[in-house]
Amino acid sequence: MLNERLRNLSVIDSLLWLLRAAIIVMVLWGTFVGLTSGRADGEGMGQFIQRCTTQTDVGTIQCMGKYSAETWRDFIIFGLAQGGIYALIALGYTLVYGVLFMINFAHGEVFMSGAYTAFFVANAFAKNGFLDSNPIVALGIVLLVSMVTSTIIAILLERIAYRPLRRAPRLVPLITAIGASYFLQYTFRGLYGSGKKVYPDPAILTGKWDIFGIPILKTQVVVFVSAMVLMVVLYWFVQKTKTGKAMRAVAEDKDVALLMGIDVDRVIVITFATGAAMAGAAGVLYGLLFKQVDFIMGFIPGIKAFTAAVLGGIGNIPGAMVGGLFLGVFESVGPSLFLEGLGVPAAYQLKDVIAFTMLVLVLIFRPSGILGETLSEKKA
Amino acid sequence: MALLELENVHSYYGSIHALKGISLTVEKGEIVTLIGANGAGKSTTLRTISGILRPRQGRVMFDGQDLAKTPAHKIVNLGISQVPEGRGVFSKLTVMENLEMGAFVRTDKAGIQEDIEHAFTLFPRLKERQKQVAGTLSGGEQQMLAMARAMMARPNLLLLDEPSMGLAPILVDGIFETIVNINNEGTTVLLVEQNALMALQVAHRGYVIQTGEIVLTDDAKALQVNEMVREAYLGH
Ligand SMILES: Nc1ncnc2c1ncn2[C@@H]1O[C@H](COP(=O)(O)OP(=O)(O)O)[C@@H](O)[C@H]1O
Ligand SMILES: [Mg+2]
């Protein structure tokens with residue numbers, strides 16, 4: 001049995017296995033070196049482990065590499081906040097893929113259009129003081145503007161760019177999506193300019209809150225909690241409402257959905273709109289967390305969210321949520337955890353590389369995603 | 001006036017000419033069967049009636065309305081439900097959700113609830129499994145679900161595409177019994193089958209289709225003893 005399997009392994013397979021092993025060894029080695037870099041001069045590994053496992057005040061004795069426990073905790077919390085944003089965007093990829101088996105590569109621009117448009121509203125509110133006198137209402141309006149803008153853009157995109165190509169070979173809408181993506185970038189550049197714009201910082205969100213004794217930046221709390229709430233609402237919508245059920249029916253079989261009397265075109269539009277509303281909300285959260293927007297801001301978060309969607313198994317809604325959070329945390333912790341250990345200089349600037357490496361690796365080794373849903377059946 | 005009337009219908013898949021001038025009628029209250037070999041055009045006929053496929057020529061009249069002018073998703077509203085070939089249950093939706101999708105075009109919540117209860121008395125197995133996703137049901141249970149789901153729209157005309165396909169003989173008997181029951185409760189049935197023997201036993205009239213054309217039509221009794229039918233479809 002084993003012999004036969006070994007013989008059947010092609011050269012490529014062996015190389016891929018080697019690559020996998022090498023990556024795991026590198027990550028583990030980097031993590032190990034990184035974490036043990038706090039050893040005192042001349043201290044043996046045994047002593048180090050003993051010291052760090054017996055003393056309780058681990059924060060002060062450098063048991064976790066160059067960083068204190070608080071720093072690691074902050075990395076994770078920041079990771080969860082940005083992961084929430086990735087997850088919200090990822091939902092758009094996954095929803096559209098679910099019903100059309102098409103990757104909407106212009107989704108990053110749908111996200112940008114909302115965030116960028118809402119910036120002007122936020123900025124006006126900041127200037128006239130409304131943002132600080134009535135922060136909840138002001139932020140609510142900003143959020144609404146962003147969600148509505150993204151939704152309108154996505155509906156136009158579906159109607160103009162994708163629907164006429166519904167029956168075309170798969171490559172055609174993909175190329176169209178890339179074209180649409182550039183079209184939107186440069187349209188918004190034309191409309192709003194090419195410079196970076198600084199998102200206003202509402203006074204109500206400066207400083208920290210104490211949550212279970214842990215001081216956390218208010219922005220991060222708000223971003224994470226909002227993302228979670230939106231995801232729960234979306235999940236409820238897809239699982240429990242009639243329209244949500246129709247969406248899942250259309251995803252499974254369009255002809256049979258038609259036989260039920262479901263207006264498939266309408267459901268597809270609703271799917272685009274739902275994903276876009278999530279992206280629009282993510283746009284405002286992005287503005288709050290990263291404080292700046294511009295016309296190409298959709299590109300990198302777009303690819304990262306796509307990575308998150310693929311990680312969770314594209315088409316799988318809980319998968320996109322888990323994938324987003326996982327990627328956010330991995331990206332936030334990874335550079336300090338194993339890249340520095342490997343001796344990579346200025347590791348934090350390489351956080352984008354982590355996401356893209358992960359995308360390539362997942363596509364090579366596990367295209368069905370970590371939650372492992374099979375993509376086969378009926379997906380033609 | 002017939003409930004359903006196809007008049008010289010031609011349907012295509014791209015350049016493949018699948019229906020070459022089909023004409024048939026179904027009267028209110030009847031069970032009519034359409035029998036024919038694999039690839040003859042039976043499913044295509046049903047798809048053309050329910051609007052998934054559009055005829056390139058000819059007319060499909062239902063209750064005095066021209067179906068070719070009705071968007072596919074509105075045809076259910078007129079009173080036509082189809083159980084597609086291979087059952088077509090939504091495998092990732094629960095049994096209950098499948099039934100709800102069957103009632104998609106209806107808004108009378110109380111009536112829907114009533115009909116779900118009715119379906120559960122007809123098919124107690126479905127009641128036991130209402131929270132399970134349909135993909136986990138056996139073939140026979142999926143066929144029951146597909147039929148129950150189609151009935152959720154309260155159709156006047158039920159189109160059945162090979163309901164006995166792939167089922168054990170003992171289940172086939174049950175399915176045909178259900179078809180007769182549904183008909184007795186007032187629903188007209190157009191039944192597509194390869195299992196001509198069973199189909200002709202429950203039907204009032206039948207049509208024989210060959211490579212996209214109707215070649216024979218008669219009372220079911222007469223077709224059962226027809227030489228050509230016996231040779232081609234009944235294995236004598
Ligand atoms: N989706 C399709 N694309 C192209 N040709 C098809 C398609 N479906 C059916 N056909 C062709 O149309 C003819 C009739 O098919 P069908 O109606 O499915 O036959 P039946 O249901 O009687 O077995 C066959 O020749 C078949 O090959
Ligand atoms: Mg068929």
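How many bridges join strand β3 of chain B to strand β9 of chain B, and in which sense do the two run? Four bridges join β3(B), residues 31-35, to β9(B), residues 205-210, and the two strands run parallel. Inside that pairing, Thr33(B) has Gly206(B) of β9(B) as its bridge partner. Two strands count as paired here if DSSP finds at least two bridges between them. The helices (H or I, at least four residues) and strands (E, at least two) are DSSP runs, numbered from the N terminus.

Before going further, a word on what you're looking at. This is a predicted model, where local features need pLDDT of at least 70 and side-chain atom pairs count only at pLDDT 80 or more, while totals for chains, interfaces and linings use all residues. Residues are numbered from 1 along each chain as its sequence is written, chains are lettered from A and ligands numbered from 1 in the order in which they are written, and side-chain values use heavy atoms, with hydrogens and water left out.

Now back to chain B. The β3-β9 pair belongs to an open sheet of six strands, in the order β6-β7-β8-β3-β9-β10, with mixed pairing. At the edges you'll find β6(B), residues 80-83, and β10(B), residues 213-219; each has a single partner strand, so one side of each is left without a neighbour in the sheet. On average, neighbouring strands of this sheet are turned by 15 degrees against each other, direction ignored. Axes here are lines fitted to C-alpha atoms, for helices over the stretch in contact, and angles run from 0 to 180 degrees between N-to-C directions.

Strand β1(B), residues 4-13, pairs with β2(B) over eight bridges, and Tyr12(B) has His17(B) as its bridge partner in β2(B). β1(B) also pairs with β4(B), over five bridges; there, Leu4(B) is partnered by Phe62(B). Phe62(B) in turn has Gln65(B) of β5(B) as a bridge partner. β4(B) and β5(B) are joined by two bridges and form a hairpin with two residues between them, where Asp63(B) in the turn has a positive phi of about 55 degrees.

What about the helices? Contact means heavy atoms within 4.5 Å. α1(B) also lies across β3, β6, β7, β8 and β9 of chain B, at about 150 degrees to β7(B). Another helix, α6(B), residues 139-151, lies across β6 and β7 of chain B, running at about 170 degrees to β6(B).

The largest share of the shell around ligand 1, four residues, comes from α1(B). The residues surrounding ligand 1 (each with a heavy atom within 4 Å of it) include Tyr13(B), Asn38(B), Lys42(B), Thr44(B) and Arg47(B). By class, the shell has five nonpolar, five polar and two charged residues.

Several polar contacts (pairs of N or O atoms within 3.5 Å) can be picked out here. A backbone N or O atom of Gly41(B) lies 2.9 Å from an oxygen atom of ligand 1, and one of Ala40(B) lies 3.2 Å from an oxygen atom of the ligand. Ser43(B) uses its side chain instead, with an N or O atom 2.7 Å from a ligand oxygen. The protein covers 64% of the 560 Å² of accessible area (Shrake-Rupley method, 1.4 Å probe) that ligand 1 has on its own.

Finally, take a look at chain A. Strands β2(A), residues 208-211, and β3(A), residues 214-217, run antiparallel and are joined by four bridges. Trp209(A) has Ile216(A) as its bridge partner in β3(A). Two residues sit between the strands of this hairpin, where Phe212(A) takes a positive phi near 50 degrees.

Definitions and conventions: A polar contact is a pair of N or O atoms within 3.5 Å; within protein, one must be able to donate a hydrogen and the other to accept it, and residues adjacent in sequence count only if both atoms are side-chain atoms. Ala, Val, Leu, Ile, Met, Phe, Trp, Tyr, Cys and Pro count as nonpolar, Asp, Glu, Lys and Arg as charged, and the others, Gly among them, as polar.
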